[in-house]
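Let us read a structure together, one feature at a time. Keep the model in view as we go.

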Amino acid sequence: MATIFSKIIRGEIPSYKIYEDEKYFAFLDINPLAEGHTLVIPKDETDYIFDLSDEILSGLSVCVKRIALAIEKTVPCKRVGIAVLGLEVPHAHVHLIPLKTEGDINFSKPKLKLSQDEFRSIAASIRKNLELK
Ligand code: AMP
């Protein structure tokens, strides 16, 4: 069965899209730890990140870096943290989280509640900073 992330890639489920190319897709996490919390995924539907081919995994890293730098330009933060869990959705993904303190990357803390307009505005700003690169 297709994962929820494959459905997002196909546009069957809406998302706040940040980036897409032939192999990768990025969108805002719907339950963010911080404003700008983004997920970057390979389109290839593989559960465990370390089961990805070397080629897809290295391409994912390059894509992650580009998007992290755009997030850093958009959201006031000290740096962008990176995490891989995959305990909830069985489709490899990298979390990018703007950090001010170590606690900002604590997945046990309550998630932010943002309005649709807030999500849209953050996504648009990150996309703009990606284009400027
Ligand atoms: P994990 O698999 O443990 O890395 O967690 C999956 C992440 O995907 C969580 O942070 C969820 O908030 C996020 N997530 C689940 N469904 C959606 C969705 N439809 N749109 C955006 N993010 C989602």
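Q: Which element gives the most to the shell around the ligand?

A: Helices (H or I, at least four residues) and strands (E, at least two) are DSSP runs, numbered from the N terminus. Here α1 gives the most, with three residues. Both α1 (4-9) and β2 (24-28) supply at least two residues each. This is a predicted model: local features need pLDDT of at least 70, side-chain atom pairs count only at pLDDT 80 or more, and totals for chains, interfaces and linings use all residues. Residues are numbered from 1 along each chain as its sequence is written, and side-chain values use heavy atoms, without hydrogens or water.

Q: How many residues surround the ligand, and which are the closest?

A: A residue is near if one of its heavy atoms lies within 4 Å. Here 16 residues surround the ligand. The closest are Asp 29, Asn 31, Glu 88, His 93 and His 95. By class, the shell holds ten nonpolar, four polar and two charged residues.

Q: Which polar backbone atom is 2.9 Å from an oxygen atom of the ligand?

A: Look for polar contacts, pairs of N or O atoms within 3.5 Å. One such atom belongs to Glu 88. Val 89 also places a backbone N or O atom 2.9 Å from a ligand oxygen. Ile 30 has a backbone N or O atom 3.2 Å from a nitrogen of the ligand.

Q: How do β1 and β2 run?

A: Strands pair if DSSP finds at least two bridges between them. Strand β1 (residues 17-20) and β2 run antiparallel, joined by three bridges. Tyr 19 has Ala 26 of β2 as its bridge partner. A hairpin of three residues links β1 to β2.

Terms used
Polar contact = N/O pair within 3.5 Å; in protein donor to acceptor, adjacent residues only side chain to side chain. Nonpolar A, V, L, I, M, F, W, Y, C, P; charged D, E, K, R; others polar.
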